[in-house]
Amino acid sequence: MLTEERYRIILQRLQVSGIVKLQELVELLGTSESTVRRDLIDLESQHLLKRVHGGASLLHRRSEEPGMEEKTFKNVQQKNAVGRAAASQLRDGECIYIDAGTTTLAMIPFIEAQDITVVTNGLSHVEALVSKNIRAYLLGGMMKSHTKAVIGSIALQNMDNFRFDKAFIGTNGVNAEFGFTTPDPEEALIKRRARQLAERSYVLADASKFGEVAFAKLFDLKEAAIITDSIPERWRKSILEKTKIIEG
């Protein structure tokens, strides 16, 4: 198969699924792993995709937010590891904030703390919490259709009615220089306010988020601990100089 034909097939598969595994491409293209790796390096150099651990993903613009459906099937095992570690930080009787997003959603099945109260801006989150008989409040405001997150001035006003023992916040990027970032400035405002209202804050991020920079800054790394499944070695030293890391 010609190189150009392999490129076309790789990009077509990415358009369909958003992310593709290396072994899947080896079988699809009928070629060696080393050839597929070279193809991914070439396509990344042309800014047509982004290499991730074990495969490749679509290249998103800094201001582009992947939808809930797309993110749900990405890095599932890693998100579960992060979610389990996050849930282990909870203590009986606490009042907490859980941010919208698939990584924060993954912590809910692992919650074992009793008599907790949760405030969230995630529609999927409040449904999951209620199904576990956990006392939950959903912020009012404008709901983003593709991320199921409540945002806007009404949501910010709602938040000021609460104070939290702990806040668990999602992010699209973790960078030693630029801090925590997300594509949507309005979501950034909600996340920033949650941190301000919490006695202790945690940002949940799987390994793929390290080194990434999105459009809108949440806050500096020193302002929250990071809960992750693992941190790539090339980022470990610079991140640890700024904040605490809890690995699941």
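Predicted model: local features only at pLDDT ≥ 70, side-chain atom pairs only at ≥ 80, totals over all residues.
User: Which residues of α3 are buried, and why are they said to lie on the same side?

Analyst: Buried means under 20% relative accessible area, exposed means over 50%, and partly exposed is in between, using a 1.4 Å probe and protein chains only. In α3, the buried residues are T35, V36, D39, L40 and L43. They cover an arc of only 135° around the axis, which puts them on the same side of α3; the arc is that of the directions from the helix axis to the C-beta atoms. An α-helix has 3.6 residues a turn, so residues three or four places apart point the same way.

User: What do the buried residues of α3 pack against?

Analyst: They pack against α1 (3–17), α2 (22–29), β2 (50–52) and β3 (55–57), where contact means heavy atoms within 4.5 Å.

User: Why is α2 called roughly perpendicular to α3?

Analyst: Axes are lines fitted to C-alpha atoms, for helices over the stretch in contact, and angles run from 0 to 180 degrees between N-to-C directions. Angles under 35 degrees count as roughly parallel, over 145 as roughly antiparallel, 65 to 115 as roughly perpendicular and the rest as oblique. α2 and α3 pack at an angle of about 110°, with their axes 9 Å apart, and that angle makes α2 roughly perpendicular to α3. The contact is made by L22, Q23, L25, V26 and L29 of α2 together with E33, V36, R37 and L40 of α3.

User: What makes up this contact of α2 with α3 by class?

Analyst: The contact has 6 nonpolar, 1 polar and 2 charged residues, where Ala, Val, Leu, Ile, Met, Phe, Trp, Tyr, Cys and Pro count as nonpolar, Asp, Glu, Lys and Arg as charged, and the others, Gly among them, as polar.

User: Why is α1 described as roughly perpendicular to α3, and which residues meet?

Analyst: α1 and α3 pack at an angle of about 75°, with their axes 11 Å apart, and this angle makes α1 roughly perpendicular to α3. T3, R6, Y7, I10 and L11 in α1 meet T35, D39, L40, D42 and L43 in α3. By class, this contact has 5 nonpolar, 2 polar and 3 charged residues.

User: How do you know whether R6 is buried or exposed?

Analyst: R6, which is found in helix α1, has 11% relative accessibility and therefore counts as buried. Not counting residues up to four places away in sequence, R6 touches M1, L29, T31, T35 and D39.

User: What makes H125 and T243 buried, and what does each contact?

Analyst: H125 lies in helix α7, residues 123–131, and is buried because its relative accessible area is 1%. Leaving aside neighbours within four places in sequence, H125 is in contact with I98, D99, A100, G101, T104, L105, I108 and T120. T243, in the loop between α10 (233–240) and β15 (245–247), is buried because its relative accessible area is 11%. With neighbours within four places likewise left aside, T243 is in contact with L221, K222, A224, A225 and I226.

User: Why is H53 called exposed, and K148 partly exposed?

Analyst: H53, found in the loop between β2 and β3, has 81% relative accessibility and so counts as exposed. K148, in the loop between β7 (142–144) and β8 (149–151), has a relative accessible area of 25% and is therefore partly exposed. K148 also has a positive phi of about 55° although it is not a glycine.

Note on methods. Residues numbered from 1 in each chain as written. Heavy atoms only, no water. Helix = DSSP H or I, 4+ residues; strand = E, 2+ residues; numbered from the N terminus.
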